[in-house]
Amino acid sequence: MTIELIKLLCNYIEVIWRSWEISVRHDARGAAPKELKTSHSDFIHHKMLQQQVGAVFGERILEHTKSLCQGKFDYLERLPDDIMLQILSYLELKDTTLLAQASQRFRELCNSEKFWEQNVRNRCAEFTCDMEGIGNCMGWRKMFFTFFQTSGREEQQ
């Protein structure tokens, strides 16, 4: 039985496709990895390699790799969740609902319990352990809309 491990690297000048064969056969031990290096422009035109990347890593990784090869870098999308949540804390709630429509990652972040917990904590000057217990029990999003979000009618009065 042979298993092939594959690693895809995309740096500033090339795309590197590395694969290792792992086998229980004694004669296959210690085999060097296979490596295919191609420039960004060659990768864009190498449809068979793109099909392999899509088959192994999925369409999202393929599209991301193609974007990198075309010089399109989305640094915001690649930030860790804790930094993204810190950035989101500066946005108005209506803006986060728009941001949640931009990508799956933003939708997941804007709907996460951590995001809603952050909103509750930011709106409450004297946060207590009891409040934390309520948030953990009923859910932070529900707690936010129950206790901290005013309705449109109240804001107009």
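Because the model is predicted, local features need pLDDT of at least 70 and side-chain atom pairs count only at pLDDT 80 or more, while totals for chains, interfaces and linings use all residues. Residues are numbered from 1 along each chain as its sequence is written, and side-chain values use heavy atoms, with hydrogens and water left out.

**Helix pairs**

Helices here are DSSP runs (H or I, at least four residues) and strands are E runs of at least two, numbered from the N terminus. Axes are lines fitted to C-alpha atoms, for helices over the stretch in contact, with angles from 0 to 180 degrees between N-to-C directions.

| Pair | Axes come within | Crossing angle |
|---|---|---|
| α2 (residues 47–57) and α3 (residues 59–69) | 7 Å | roughly 140 degrees |
| α4 (residues 81–88) and α7 (residues 113–123) | 10 Å | roughly 40 degrees |

With an angle of roughly 140 degrees, α2 is oblique to α3. Angles under 35 degrees count as roughly parallel, over 145 as roughly antiparallel, 65 to 115 as roughly perpendicular, and the rest as oblique. Q50, V53, G54 and F57 of α2 meet E59, I61, L62 and K66 of α3, where contact means heavy atoms within 4.5 Å. By class, these residues are four nonpolar, two polar and two charged.

How are α4 and α7 oriented to each other? They are oblique as well, and α4 passes α7 in a right-handed crossing, meaning that the near helix is turned clockwise from the far one by less than a right angle. On the α4 side the contact involves L85, Q86 and L88, and on the α7 side K114, F115 and Q118. That set holds three nonpolar, two polar and one charged.

**Inside α7**

Which residues of α7 are buried? They are F115, W116, Q118, N119 and V120, buried being under 20% relative accessible area, exposed over 50% and partly exposed in between (1.4 Å probe, protein chains only). The buried residues of α7 pack against α4, α5 (93–99), α6 and α9 (140–148).

**Two loop residues**

S112 sits in the loop between α6 (104–110) and α7. With 19% relative accessibility, S112 counts as buried, and its side chain reaches the backbone oxygen of L109 at 2.8 Å.

Y12 lies in the loop between β1 (2–10) and β2 (14–23). Y12 is exposed, at a relative accessible area of 70%.

Terms used. Nonpolar A, V, L, I, M, F, W, Y, C, P; charged D, E, K, R; others polar. Polar contact = N/O pair within 3.5 Å; in protein donor to acceptor, adjacent residues only side chain to side chain.
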